Amino acid sequence: MTSKTTESTPADNLTPQHPAVPEVNKVAWADISASLKAGFSDFLARPFMSGFFGLFYAIFGILFVWSLVWLGKIWMIIPAVVGFPLVAPFAAAGLYEMSRRLQKGESFGWSEILTVMANQRKREMGWMAFVTLFIFWVWMYQIRLWLAIILQDASFSDFDGFLNAVFFTPQGWAFLFVGTGIGAFLSAVLFSVTVVAMPMLLDRETNFVSAMLTSIRVVTESPVVMLTWAAIIVVTMLLSMAPAFLGLVFTLPILGHTTWHLYQRAVPPAEG
């Protein structure tokens, strides 16, 4: 009597499976316009919940600036305010989830949205937060470096003195020129690696490197449209911070919801 032995087949299924790199679509101004319209519609659908995320971001900004004043770090206020929009994509994670559920017609409340946000710490979103905060740290460090090089003799004992040194002296103009150029470069880099990476990580099971590469490809496929959109976002955020950060209560949620819909247009849905 012969016995059949079960021979093991090659364990192909044990090979680590890397998520397929998605294709990306070219983005036109029509996509930006449609995404803005959808983002505004999402805001109106849940204005209180959407506004909560904007309010939280605004309060954090107010406390951040107040802490700099309390610590006597007057020179850090302007670069901190200018660099503050850099961390907005991470702050908008809850808004992406809201738009995702609204798009699918799913009901949700605070517990569902906050639970999804809390669960991101177990996924790759934490690495993207690290990338975002690292670039923000680089921004603050290089500002301090150029202050020391260009404005080494200026007095920053009070905020008025700092403003006078920066805006009304030749050295201050040189500092603004250099700082603006470096800031624009860092903003473009961060925008390129996060513009669709953040919503993509919330939407799909993928790693943060693949998400960043996909985001960069979206920008390089439509550089003029995407980088102009980035400039519009930065200007909108800075203007929103003028009235004691309170404009962010409205603009951050709308831009966050818009980003979700732009991601949906720029990156085709995953198969299956």
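Student: Let's begin with α11: which of its residues are buried?

Tutor: In α11, the buried residues are Phe-208, Ser-210, Ala-211, Met-212, Thr-214, Ser-215, Val-218 and Val-219. Buried means under 20% relative accessible area, exposed means over 50%, and partly exposed lies in between, with a 1.4 Å probe and protein chains only. Helices are DSSP runs of H or I with at least four residues, strands are runs of E with at least two, and both are numbered from the N terminus. Before we go on, this is a predicted model, in which local features need pLDDT of at least 70 and side-chain atom pairs count only at pLDDT 80 or more, while totals for chains, interfaces and linings use all residues. Residues are numbered from 1 along each chain as its sequence is written, and side-chain values use heavy atoms, with hydrogens and water left out.

Student: What covers the buried residues of α11?

Tutor: The cover includes α7 (125-150), α9 (170-194), α10 (197-203), α12 (223-241) and α13 (248-266). Contact here means heavy atoms within 4.5 Å.

Student: How do I check the span of a helix?

Tutor: The expected span is 1.5 Å times one less than the number of residues. For the 14 residues of α11 (residues 208-221) that gives 20 Å, and the end C-alpha atoms are 20 Å apart, which agrees. Helix α2 also agrees: its 24 residues should span 34 Å, and its end C-alpha atoms are 34 Å apart.

Student: Which residue caps the N-terminal end of α11?

Tutor: Asn-207 does, with a side-chain oxygen 3.2 Å from the backbone nitrogen of Val-209. After α2, look at Gly-72, whose phi is positive, near 80°.

Student: How should I read aromatic pairs?

Tutor: A pair of aromatic rings is described by the distance of the centres and the angle of the planes. Rings of Phe, Tyr and Trp (its six-membered ring) pair if their centres lie within 6.5 Å; planes under 30 degrees apart count as stacked, over 60 as edge-to-face and the rest as tilted. This structure holds 14 such pairs. Phe-52 lies in helix α2 (residues 47-70) and Trp-110 in helix α6 (residues 110-119), so the pair ties together parts that are 58 residues apart in sequence.

Student: How accessible are Phe-52 and Trp-110?

Tutor: Phe-52 counts as partly exposed at 35% relative accessibility, and Trp-110 counts as partly exposed at 31%. Elsewhere, ring pairs link Trp-127, Phe-130, Phe-134, Trp-137, Tyr-141 and Phe-208 into a cluster.

Student: Which arginine lies over the face of Phe-108?

Tutor: A charge sits over a ring if NZ of Lys or CZ of Arg is within 6 Å of the ring centre and within 35 degrees of the ring normal. Arg-46 lies over the face of Phe-108, at 4.1 Å from the ring centre.

Student: Is Arg-101 buried or exposed?

Tutor: Arg-101, in helix α5 (residues 93-104), is buried, with a relative accessible area of 13%. Leaving out residues up to four places away in sequence, Arg-101 touches Glu-106, Ser-107, Phe-108, Glu-112, Ile-113 and Val-116.

Student: And the whole protein?

Tutor: The secondary structure comes to 13 helices and zero strands. Of the 272 residues, 44% count as buried.

Note on methods
A polar contact is a pair of N or O atoms within 3.5 Å; within protein, one must be able to donate a hydrogen and the other to accept it, and residues adjacent in sequence count only if both atoms are side-chain atoms.
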